[in-house]
Structure formats: structure tokens, C-alpha cells
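Open the model in your viewer and keep the selection tool at hand. We will go from stop to stop, with a word on what to pick at each one.

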Amino acid sequence: MSGRRGGPGGAGEAGGRAYRLTGSRRKWAALAVLTLAAAGLLSPWASGHPDGLERVAEDLGFIEREASVHSLSPMPDYEVAGIPWEAVRVGLAGLIGAVVLGALLWAALRALAHRSR
């Protein structure tokens, strides 16, 4: 299986079949806008119930230790501090999280692509 890119369109060959990595910036831009809109607009309606790890911490009795972790967190409880409206605090945290994750993914993919050349 060949991992090389072929040509400007990003076509390559895998197991005798041609595959194409999208070269359309319009598609990537649309996906980025949809992702950011979902992160920013849907985050305030995420479940307020404890997630799996928090539930285990409650069940096993060490939930009170989370205060020491929150002191190091840039966005404790997935909220941006200093904003009076909860929906905006949570939506902004979702938006920031999506941007940071996108930037990390982009950097990792660039490094891998550069290394494979």
C-alpha cells in the first residue's frame, strides 16, 4: 500500500485502487464553519448530568479532589469565566475547544505530511 500523494489533486493508489484526498478548500471551509457553529451553538444544550469519569469519582468518593484539578484548568466545567450569561460561557468554551483541537490536528497532519515527503 502506497502512502504517497500523487499530483496536485492529492490522488494516490491503495491496493491497486485510486483514492483521492480532497483538494477542495471550499469543502474544508464548509466543514470548519459547520463544526464551529455546532460547537458554539449546541454546547449550551449538552447534558448537565455527570459524565462517566465524574460518576465513578462520585461513586468511589473522591469527587472532592477535583478542586485541585480545576485550579489548573483554563476552562473549569467547560465554561469561560467572566461572562454573565451561561449559554454564552459554555458556547464560547465549545468554540475555543473546537478551534484548539482543529489547530492541533492541522499541525499534526502538516508534520506527518512533511515527514512523509
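Start by selecting Pro-74, which sits in the loop between α3 (66–70) and α4. This is a predicted model, so take each stop as part of a prediction. Is Pro-74 buried or exposed? With a relative accessibility of 78%, Pro-74 counts as exposed, because the cut-off for that label is over 50%.

Next, select residues 86–116, which form helix α4, together with residues 25–42, which form helix α1. How do these two helices pack? Their axes are 6 Å apart and meet at an angle of about 150°. Angles over 145 degrees count as roughly antiparallel, and α1 and α4 are therefore roughly antiparallel to each other. The crossing of α1 past α4 is right-handed. To see the contact itself, show side chains for Leu-36, Ala-39 and Gly-40 on α1, then for Gly-91, Gly-94, Leu-95, Ala-98 and Val-99 on α4.

Now zoom out and colour the protein chain by secondary structure. Switch to a surface view: the accessible surface of the protein chain is about 9800 Å², and carbon and sulfur atoms account for 65% of that. Of the 117 residues in the protein chain, 12% are buried. Among contacts with a separation of 6 or more, 28% join residues 24 or more positions apart.

For the last stop, colour by pLDDT. The protein chain averages 78, with 74% of the residues scoring at least 70. Select residues 1–11, where pLDDT stays under 50 and the model has 20 contacts beyond four places in sequence. Where pLDDT is low, the predicted coordinates should not be read in detail.

Notes
Residues are numbered from 1 along each chain as its sequence is written. This is a predicted model: local features need pLDDT of at least 70, side-chain atom pairs count only at pLDDT 80 or more; totals for chains, interfaces and linings use all residues. Side-chain values use heavy atoms; hydrogens and water are left out. pLDDT is the predictor's confidence in each residue, from 0 to 100. Contact means heavy atoms within 4.5 Å. Buried means under 20% relative accessible area, exposed over 50%, partly exposed in between (1.4 Å probe, protein chains only). Accessible areas come from the Shrake-Rupley method with a 1.4 Å probe; for residues, only the protein chains shown count as cover. Axes are lines fitted to C-alpha atoms, for helices over the stretch in contact, and angles run from 0 to 180 degrees between N-to-C directions. Helices (H or I, at least four residues) and strands (E, at least two) are DSSP runs, numbered from the N terminus. Angles under 35 degrees count as roughly parallel, over 145 as roughly antiparallel, 65 to 115 as roughly perpendicular and the rest as oblique. A crossing is left-handed if the near helix is turned anticlockwise from the far one by less than a right angle, and right-handed if clockwise.
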